[in-house]
Amino acid sequence: DDRTKLNQSVRKAITLLRATAEDRNANVSSLARAAGLPRATALRMIQTLEQEGFLLRNPGDDRVLLGPELLRLARNTDEQPLLREVARPIISDLMATVRETVTLSVVAADGGLDLVYQVDAPHQLRPQSWVGQRFPLHASASGKVLLATYDEERLERFLLEPLVRFTPSTITTAEALRSELERVRELRYAFVIDEEEEGLTGVATGIHGQTDELIGVLTVSGPTQRLDPHRGGHA
């Protein structure tokens, strides 16, 4: 139908943009092949994208480059508010399902985690508001998710500082933390039980971008008596 035809045209244009980004030597002919289009059709689309500033043709060698308008839009895109808005309904649904507090943390420019959104559990006994706070990486579920993405060199730098003990359950040795992070990588989620604060349990998993980089973390938190199955909870 007409809607499908319009969608296909947009998809072809997006294919041209992606193919241009992936091929430093892209030209009209190679882009036409990548999009599965006749050369004349691809040329018209490339000319349209060029007029809008999304593509740029080098007249010297017929190469096609990403245009300044596309780069300007990319620079002005802030992933944090975008992620927060996209995650809002997901977080609300998750809270309604598990009936525990759910938070969203985003990876900040300095590499840390900023907690930016929280939906509270319906119980009277629940965690406080953490929006705007940061947690110790080695003693929080969200922090473990972030640490599990570190390469060996970055993890070594992190371990130069002592691992502060907050409770008897806090991990304070490099060997124990390395073992814990291996488990996080294998399971693709992290949990803490009484590690930063007695009586507080959390489970977290990462949100990854198109190139698999960590951009955010979703965490479910609540009293250990409800979340730890070994203490009669429903985790």
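## Helix 8: length and faces

In this predicted model, helix 8 covers residues 174-187, and its 14 residues, taken at 1.5 Å a residue, should span 20 Å, which agrees with the 20 Å that separates its end C-alpha atoms. Within helix 8, the residues L177, E180, L181 and V184 are buried. Seen down the axis of the helix, the buried residues fall within an arc of 100°, so they line one face of helix 8. The other side of helix 8 carries E175 and E186, both of which are exposed.

What do the buried residues of helix 8 pack against? Their partners are helix 6 (141-147), helix 7 (152-158) and strand 5 (190-193). After helix 8 comes R188, a residue whose phi is positive, near 70°.

## K144 in helix 6

Helix 6, one of the elements against which the buried residues of helix 8 pack, contains K144. Is K144 buried or exposed? With a relative accessibility of 0%, K144 counts as buried, the cut-off for that class being under 20% relative accessible area.

When residues up to four places away in sequence are not counted, K144 touches L137, H138, I171, E180, L181, V184, A190, F191, V192 and E195. Among these contacts of K144 are E180, L181 and V184, which are also listed among the buried residues of helix 8.

## Helices 2 and 3

Helix 2 (residues 28-35) and helix 3 (residues 39-51) have axes that come within 9 Å and cross at roughly 105°. With that angle, helix 2 is roughly perpendicular to helix 3. On the side of helix 2 the contact involves V28, S29, L31 and A32, and these meet R39, A42, L43 and I46 in helix 3. By class, the residues of this contact divide into six nonpolar, one polar and one charged.

D62 is found in the loop between strand 1 (55-58) and strand 2 (63-66), and at 31% relative accessibility it counts as partly exposed. Leaving aside neighbours within four places in sequence, D62 is in contact with A26, N27, V28 and R39; of these residues, V28 and R39 also take part in the contact of helix 2 with helix 3. Between the C-alpha atoms of D62 and V107, which are 45 residues apart along the chain, the separation is 40 Å.

R11 has its place in helix 1 (residues 2-22), and its relative accessible area of 46% makes it partly exposed. R11 and A35 are 24 residues apart in sequence, while their C-alpha atoms are 9.0 Å apart in space.

## Positive phi in two loops

R99 is found in the loop between helix 5 (79-98) and strand 3 (101-107). Although R99 is not a glycine, it has a positive phi of about 60°. At 44% relative accessibility, R99 counts as partly exposed.

D194 lies in the loop between strand 5 and strand 6 (200-208), and it is likewise a residue other than glycine with a positive phi, near 60°. Is D194 buried or exposed? D194 has a relative accessible area of 1% and is therefore buried, whereas R99 is partly exposed.

How values were computed:
Residues are numbered from 1 along each chain as its sequence is written. This is a predicted model: local features need pLDDT of at least 70, side-chain atom pairs count only at pLDDT 80 or more; totals for chains, interfaces and linings use all residues. Side-chain values use heavy atoms; hydrogens and water are left out. Helices (H or I, at least four residues) and strands (E, at least two) are DSSP runs, numbered from the N terminus. The expected span of a helix is 1.5 Å times one less than its number of residues. Buried means under 20% relative accessible area, exposed over 50%, partly exposed in between (1.4 Å probe, protein chains only). The arc is that of the directions from the helix axis to the C-beta atoms. Contact means heavy atoms within 4.5 Å. Axes are lines fitted to C-alpha atoms, for helices over the stretch in contact, and angles run from 0 to 180 degrees between N-to-C directions. Angles under 35 degrees count as roughly parallel, over 145 as roughly antiparallel, 65 to 115 as roughly perpendicular and the rest as oblique. Ala, Val, Leu, Ile, Met, Phe, Trp, Tyr, Cys and Pro count as nonpolar, Asp, Glu, Lys and Arg as charged, and the others, Gly among them, as polar.
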